[in-house]
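Q: I'd like to learn how to read a model like this, one feature at a time. Can we go through it together?

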Amino acid sequence: MNHTSTGPRGGRAAVAIRGLIAASEGILAVEKRAVAFFMALVMGLILLNVVTRYAGAPLYWVDEAAVYAVVWLTFIGGSALTRLRLDFAVTLLSEKLSPANAGRLQALATFIALLFAIGLVAMCWAWMDPIGIASAGFDAREYAAESFNFLYTEHTQTLNWPTWIVSLVVPLFAVTLTLHTAANLVEELGLAPKTVRSDFTTAEGVN
């Protein structure tokens, strides 16, 4: 991907901002590849399901695998779209404002999204409770008996995978969303120029 971005110069704040932008762009590059992988995986699972059902030998675990692949695809794709500024927006108000006020409104919306992302990180921390499970010696049954949190004892219905592994996409999404919204916010506040993505030639190039 070709893009240009120049951060402010000098000072620890400038270094931190450049580091934030670089981290967000690095995560975005990984997310793009992950999205492509999960799209191919979903298509492959659907085709496998069609073929096996047509052959009279359906695989009972394919449906569940496809569902979880779509879930991961949705969360990872949603995070990437946030950094690309391709997330959904209602522009009835912003279109009637001056460019300066529209920019302020966009910054406010991004700030609210950042607060949501941070809140989601806190919720995932309480949900996953890594300190609690570690204190129980990573004994899922003992931890569940003490905390009534059965996340680490549950398994998926057909694949029989640990539920916590499948659920990891939520805290992963929370962290990447926090980084992306923070990077977007510093750009919208003028602390760093907006990243220009010259490889967009379709509607993806908006914003």
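Q: Let's begin with a loop: where is phenylalanine 138 found?

A: Keep in mind throughout that this is a predicted model. Phenylalanine 138 sits in the loop between helix 4 (130-135) and helix 5.

Q: What is phi of phenylalanine 138, and is this residue buried or exposed?

A: Its phi is near 60°, a positive value in a residue other than glycine. Phenylalanine 138 counts as exposed because its relative accessible area is 63%, and the cut-off for exposed is over 50%.

Q: Which other residues have a positive phi near or about 60°?

A: Asparagine 160 is one of them: its phi is positive, about 60°, although it is not a glycine. You'll find asparagine 160 in the loop between helix 5 and helix 6 (163-167). Phenylalanine 148, which follows helix 5, also has a positive phi, near 60°.

Q: While we're at helix 5, what does aspartate 139 do at its start?

A: Look at the side chain there. Helix 5 covers residues 140-147, and at its start a side-chain oxygen of aspartate 139 comes to within 3.1 Å of the backbone nitrogen of arginine 141.

Q: Now for empty space. How do I find pockets?

A: The general idea is that rolling a probe the size of a water molecule over the atoms shows where empty space is left. In this model, the largest pocket has a volume of about 830 Å³. It is lined by 25 residues, and Asp87, Ala89, Gln106, Ala109 and Thr110 are the closest to its centre.

Q: Which elements give two or more residues to the lining of the largest pocket?

A: Those are helix 3 (99-128) and helix 7 (169-188). Helix 3 gives the most, with eight residues. Sorted by class, the lining of the largest pocket has 10 nonpolar, nine polar and six charged residues.

Q: How much space lies in the second largest pocket, and what is its lining by class?

A: About 160 Å³ lies in the second largest pocket. Its lining has 11 nonpolar residues, with no polar and no charged ones. Among the residues that line it are Trp125, Met128, Tyr152, Trp164 and Val175. Helix 3 and helix 7 are again the elements that give two or more residues to this lining, and the largest share, four residues, comes from helix 3.

Q: On to the packing. Which residues touch the most other members of the largest nonpolar core?

A: That core has 22 residues, and the ones touching the most other members are Phe38, Leu45, Ala69, Trp72, Ile76, Leu120 and Cys124. Helix 1 (11-54), helix 2 (62-83), helix 3 and helix 7 each give two or more residues to this core. Helix 2 gives the most, with seven. Apart from this core lies another one, of 10 residues, including Ala107, Ala183, Leu185 and Ala192.

Q: How do I read leucine 114, and is it buried or exposed?

A: Leucine 114 is found in helix 3. With a relative accessible area of 11%, it is buried, as the cut-off is under 20%. Residues up to four places away aside, leucine 114 touches Thr178, Thr181, Ala182 and Leu185. For a sense of the fold, leucine 114 and valine 175 are 61 residues apart in sequence and 11 Å apart in space, C-alpha to C-alpha.

Key:
Residues numbered from 1 in each chain as written. Predicted model: local features only at pLDDT ≥ 70, side-chain atom pairs only at ≥ 80, totals over all residues. Heavy atoms only, no water. 1 Å grid on protein atoms, 1.4 Å probe; cavity = no way out; pocket = protein on both sides within 12 Å on 5 of 7 lines; lining within 4 Å. Points joined across faces, edges and corners; volume = space filled by probe spheres on them. Nonpolar A, V, L, I, M, F, W, Y, C, P; charged D, E, K, R; others polar. Core = buried A, V, L, I, M, F, W, Y, C linked by side-chain atoms within 4.5 Å. Buried < 20%, exposed > 50% of the residue type's maximum accessible area, 1.4 Å probe, protein only. Polar contact = N/O pair within 3.5 Å; in protein donor to acceptor, adjacent residues only side chain to side chain. Contact = heavy atoms within 4.5 Å.
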